[in-house]
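Subject: Structure handover

Hello,

Please find the structure below.

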Amino acid sequence: MNHRIYEKDITVRRLNFVWKQYDIFQTHMVKTLIKNAGRSNKIKLYPKSWDFIDVSGSKRGNHVWDDDFSIHLHSIYLIQNEIAEKFEGLMAGGFNEILWHPKLSGVRRVHGETIGSEPDDMANVIEYASKFAMGIDPLKQRDDLPLSFQFPITGEERLLKRKVAQDIAAA
């Protein structure tokens, strides 16, 4: 049995699970932050995020893939002024208001902090958040691993997600 292929398939499944849980988290966060969030005129208020997969040990190059708890996300959020106060309230409460949702069984903890205003602060945050994705050797890893994402999703992506959910419900 080729264990490398098996391990990579398991890894893709694990990453997809993390992204699905994050998608649920993101959906509930938007609904918490924005009244009537489903309306098309509210999309401009959605938090914009740049999201990166990380694993324990990536800072030192000792990647730990085999532990389910080692895979986690780093996200950088751009928050509109209209929802900043609510977002800061969620952040202060550890996002517990969202984490208690029954569909978020895979999310254990969310931590957020404000990015400083010094010239290097943003660059340092981007470097830290993306360190795993940027440090991957494409010759040693699959090139189709979903290591990053961005929210909000487009209108076409939302329609596709809705259609897939309806198809699953109808089956």
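The notes cover the fold, the core, the aromatic rings, the backbone and the pockets.

This is a predicted model, in which local features need pLDDT of at least 70 and side-chain atom pairs count only at pLDDT 80 or more, while totals for chains, interfaces and linings use all residues. Residues are numbered from 1 along each chain as its sequence is written, and side-chain values use heavy atoms, with hydrogens and water left out.

Fold

The protein has six helices and three strands. These are DSSP runs numbered from the N terminus, with helices being H or I of at least four residues and strands being E of at least two. Starting at the N terminus, the order of the elements is α-β-β-α-α-α-α-β-α. Of the 171 residues in the protein, 29% are buried. Buried stands for under 20% relative accessible area, exposed for over 50%, and partly exposed for what lies in between, with a 1.4 Å probe and protein chains only. Among contacts (heavy atoms within 4.5 Å) with a separation of 6 or more, 68% are between residues 24 or more positions apart.

Core

The largest nonpolar core holds 30 residues, and Phe 25, Met 29, Leu 33, Ile 34, Ile 53, Phe 95 and Ile 98 touch the most other members. Such a core is a set of buried Ala, Val, Leu, Ile, Met, Phe, Trp, Tyr and Cys residues joined through side-chain atoms within 4.5 Å. Two or more residues of this core come from each of helix 1, strand 1 (48-55), helix 2 and helix 3 (96-99). Helix 1 gives the most, nine residues. Setting aside neighbours within four places in sequence, Ile 34 is in contact with Lys 42, Leu 45, Tyr 46 and Ile 83.

Aromatic rings

There are eight aromatic pairs in the structure. Rings of Phe, Tyr and Trp (its six-membered ring) pair if their centres lie within 6.5 Å; planes under 30 degrees apart are stacked, over 60 edge-to-face, and the rest tilted. Trp 19 and Phe 149 form a tilted pair, because their ring centres are 5.9 Å apart and their planes stand at 45°. Trp 19 is in helix 1 and Phe 149 in strand 3 (residues 148-151), so this pair ties together parts 130 residues apart in sequence. Trp 19 counts as buried at 12% relative accessibility, whereas Phe 149 is partly exposed at 35%.

Phe 87 and Phe 95 form an edge-to-face pair, because their ring centres are 5.6 Å apart and their planes stand at 65°. Both Phe 87 and Phe 95 are buried. One aromatic cluster is made up of Trp 19, Tyr 22, Phe 25, Tyr 77, Phe 87, Phe 95, Phe 149 and Phe 151.

Backbone

Most residues other than glycine have a negative phi, and most peptide bonds are trans. Phe 95 is not a glycine but has a positive phi of about 60°. Phe 95 sits in the loop between helix 2 and helix 3 and is buried, with a relative accessible area of 3%. Asn 36 also has a positive phi, near 55°. Asn 36 belongs to the loop between helix 1 and strand 1 and is partly exposed at 36% relative accessibility. The peptide bond from Phe 151 to Pro 152 is cis, with omega near 0°. Pro 152 is in the loop between strand 3 and helix 6.

The largest pocket contains about 1,600 Å³ of space. It is lined by 39 residues, of which Leu 73, His 74, Ser 75, Val 110 and His 111 are the closest to its centre. On a 1 Å grid over the protein atoms alone, a pocket is an open set of points where a 1.4 Å probe fits, with protein on both sides within 12 Å along at least five of seven lines, and lining residues have an atom within 4 Å of a point. Grid points are joined across faces, edges and corners, and a volume is the space filled by probe spheres set on the points. Strand 2 supplies the largest share of this lining, eight residues.

The second largest pocket has about 870 Å³ of space. Its lining counts 24 residues, and Asp 23, Thr 27, Ile 153, Arg 158 and Lys 161 are the closest to its centre. Helix 6 gives the most to this lining, nine residues.

Regards
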